[in-house]
Amino acid sequence: MTVPHPTLPPEHSAPPAERPPGRLPEDRGHMLRRRVLTLLTIVLLIGVPAGYLVISAGQSRDSGRDKERESSVVGLQDNRPSQMKRRVFEVPVPSDAWNVAYYETSNWKTSRLYVQFTTTAGGLDTFLHDSGAGRNALQPGEVTVGERDADIVGWNFTPDRGWSGATVKRERPRPTSDITVDLTDPAFPRVYVVSTTSP
């Protein structure tokens, strides 16, 4: 048998929660604005850094692909080596040079930069001076680029040309440069350089 619970008269029911004095109830528009502002704050705090990471990862991946593409190229590339490569290997290609091409090889022991270009007589003097040599360093009849290096990039130093060569030795870890110049046409010499550096 269940005993009915006596119902209390309204004056004995629990008092409603009291609001702090001076604070009005939140209307629907204010609540929606607050929630939108909260959502926007979360998106900015989480979404923007996440988006930045995605963009950075994409750029890094593209940069890696460019480097991989460059390193997978076999043989001379018809282009100037970058300024950084020219600085590291100390190959100061004259600004007015043309028919410029280069190739880089690297392993755990040595790195080599192969560069060829055509320049003027004055451009050759500037190049030799900036390389740490001079016109008088060139030895007539000398081909200083070795056969192995010539084979790697397809250079052919036939005896019917007016070759002159010099080797610029620098204190390690700076590179050593083997320079061979075709002076068959002295006004427009063709320069071949192999710069080798060992870390």
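This is a predicted model: local features need pLDDT of at least 70, side-chain atom pairs count only at pLDDT 80 or more; totals for chains, interfaces and linings use all residues.
Trainee: In which loop is Pro 173 found?
Mentor: Residues are numbered from 1 along each chain as its sequence is written, and side-chain values use heavy atoms, with hydrogens and water left out. The peptide bond leading from Arg 172 to Pro 173 is cis, with omega near 15 degrees. As for its place among the strands (DSSP runs of E, at least two residues, numbered from the N terminus), Pro 173 belongs to the loop between β4 (163-168) and β5 (176-182).

Trainee: Which pattern does the chain follow, read along the sequence?
Mentor: The chain has six strands, together with four helices, a helix being a DSSP run of H or I of at least four residues. Taken in sequence order, these elements give the pattern α-α-β-β-α-β-α-β-β-β.

Trainee: What is the order of the strands in the open sheet?
Mentor: Strands count as paired if DSSP finds at least two bridges between them, and here the pairing is antiparallel. The open sheet of six strands has the order β1-β2-β6-β5-β4-β3.

Trainee: Which strands stand at the edges, and why is one side of each left without a neighbour in the sheet?
Mentor: Each edge strand has a single partner strand, so one of its sides is left without a neighbour in the sheet. β3 pairs with β4 in the antiparallel sense through two bridges, with Gln 139 opposite Gly 165, while β1 pairs with β2 over seven bridges. The strands at the edges are therefore β1 and β3 (139-140).

Trainee: How many bridges join β2 to β6?
Mentor: On the β1 side, β2 forms a hairpin with four residues between the two strands, and Ser 106 stands opposite Ser 111. The number of bridges joining β2 to β6 is eight.

Trainee: Why is β2 largely enclosed by the rest of the structure, and how many of its residues are buried?
Mentor: Buried means under 20% relative accessible area, exposed over 50% and partly exposed in between, with a 1.4 Å probe and protein chains only. Both faces of β2 are covered, with Ser 111, Leu 113, Val 115 and Phe 117 buried on one side and Arg 112, Tyr 114, Gln 116 and Thr 118 buried on the other. The strand is largely enclosed because the buried count is eight of the eight residues.

Trainee: What angle does the direction of α3 make with that of β5?
Mentor: Six bridges join β4 to β5 in antiparallel fashion, and one of the bridge partners in β5 is Asp 178, which faces Thr 167. α3 packs on the sheet, touching β2 (111-118), β4, β5 and β6 (190-197), where contact means heavy atoms within 4.5 Å. With axes fitted to C-alpha atoms, for helices over the stretch in contact, and angles run from 0 to 180 degrees between N-to-C directions, the angle is about 165 degrees.

Trainee: What is the relative accessible area of Ser 131?
Mentor: Ser 131 lies in helix α3 (residues 121-131), and its side chain reaches the backbone oxygen of Phe 127 at 2.8 Å. Leaving aside residues up to four places away in sequence, Ser 131 touches Pro 92, Val 168, Arg 170 and Ile 179. Ser 131 counts as buried because its relative accessible area is 3%.

Trainee: Is Asn 99 buried or exposed?
Mentor: Asn 99 lies in strand β1 and has a positive phi of about 50 degrees although it is not a glycine. Glu 90 also has a positive phi, near 55 degrees, but is found in the loop between α2 (83-89) and β1 (98-106) and is partly exposed at 22% relative accessible area. At 52% relative accessibility, Asn 99 counts as exposed.

Definitions and conventions: A polar contact is a pair of N or O atoms within 3.5 Å; within protein, one must be able to donate a hydrogen and the other to accept it, and residues adjacent in sequence count only if both atoms are side-chain atoms.
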